[in-house]
Amino acid sequence: MKRIMPFFAAAALLTGAACDTYTSTTDPATYATGYGFPGDNNSVGTGNTGSMGVAEANNNATLDNPATGTNSDSVNANQNLDHLFAMRAASGGMFEVAAGKLASTQGQNAEVKQFGQRMVTDHTKANTELQAIASAKGITLPTALMPEHQQHLDMLSKLTELEFDKAYMQHMVEAHEMDIKQFDQEAKNGKDPEIKAFAAKNLPILQEHRKMAQPIYEQVGRARQQAVSR
């Protein structure tokens, strides 16, 4: 598989349509390309260290019952990590729907348009399922995109028709790679049975999306290169 330049390289296109130059100033190290769940080095660029604090509380809490090795702090920490997963998955899912709608209208390549519509269909279904789980548990999911997802959507919406297809598909490849990693982590290690089951159920769908995205990304990348070189 060819190495893919980070998605934030697309920011360089906003200052020069024919320039593929990438600089560190266009790719804040604190921003992630996907959901940015706890455990990633690519934590979201919002200054929110809540997930790290939860993990620290889990690791360092004093045991309430030394005989069993359990404590209320660690139980709460595990639950909070599951809830954080759900909240970030909700924001990521909303982004996938919004970006998919953008691709279905702004995309130039027919396969990009079809892929975008597939994202709308699949992630709308997953979002509805996750909302039902959260409501039953009293978890309030975000109703607006988290900052990193909003930033990505804003970036895509500003790209020209020539730039959009490649940038969108590159993001789909990168984001789904991260999503797969994090859904797999939740499916294996989650403590909340319903949220864990949600992750396990949707993991194969994300893997299918990733498999679909790669050849489309390569196709539109070649097409854009040819158009720029003319």
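Two residues are in contact when heavy atoms of one lie within 4.5 Å of heavy atoms of the other. With that in hand, welcome to a few close-up views of this predicted model.

**View 1. Q117 and its contacts.** Leaving aside residues up to four places away in sequence, Q117 touches G100 and S104. Q117 itself belongs to helix 4, which runs over residues 110-137. L102 makes a handy landmark here: L102 and Q117 are 15 residues apart in sequence, and their C-alpha atoms are 9.2 Å apart in space. Is Q117 buried, exposed or partly exposed? Its relative accessibility is 40%, so Q117 counts as partly exposed, because that class lies between the 20% limit for buried and the 50% limit for exposed.

**View 2. Helix 5 and its buried residues.** Helix 5 takes in residues 147-158, twelve residues in total. From its first C-alpha to its last, helix 5 reaches 17 Å, close to the 16 Å expected at 1.5 Å a residue. Which residues of helix 5 are buried? They are E148, H149, H152, L153, M155 and L156. These residues cover an arc of only 160° around the axis, so they sit on the same side of helix 5.

View 3. The structure holds four aromatic pairs, and one of them is formed by F115 and Y168. A pair of aromatic rings is described by the distance of the centres and the angle of the planes. For F115 and Y168, the centres are 6.3 Å apart and the planes are at 70°, an edge-to-face arrangement. The pair links distant parts of the chain, with F115 in helix 4 and Y168 in helix 6 (residues 161-189), 53 residues apart. How buried are the two partners? F115 has a relative accessible area of 1%, and Y168 has one of 0%, so each of them counts as buried, the limit being under 20%.

**View 4. F164 stacked with Y168.** Stay with Y168 and look at its pair with F164. The ring centres of F164 and Y168 are 5.6 Å apart and the planes are at 5°, so this pair is stacked. F164 and Y168 are four residues apart in helix 6, which means that about one helical turn separates them.

Key: Residues numbered from 1 in each chain as written. Predicted model: local features only at pLDDT ≥ 70, side-chain atom pairs only at ≥ 80, totals over all residues. Heavy atoms only, no water. Helix = DSSP H or I, 4+ residues; strand = E, 2+ residues; numbered from the N terminus. Buried < 20%, exposed > 50% of the residue type's maximum accessible area, 1.4 Å probe, protein only. Expected span 1.5 Å × (residues − 1). Arc of directions from axis to C-beta. Phe/Tyr/Trp six-rings, centres within 6.5 Å; stacked < 30°, edge-to-face > 60°.
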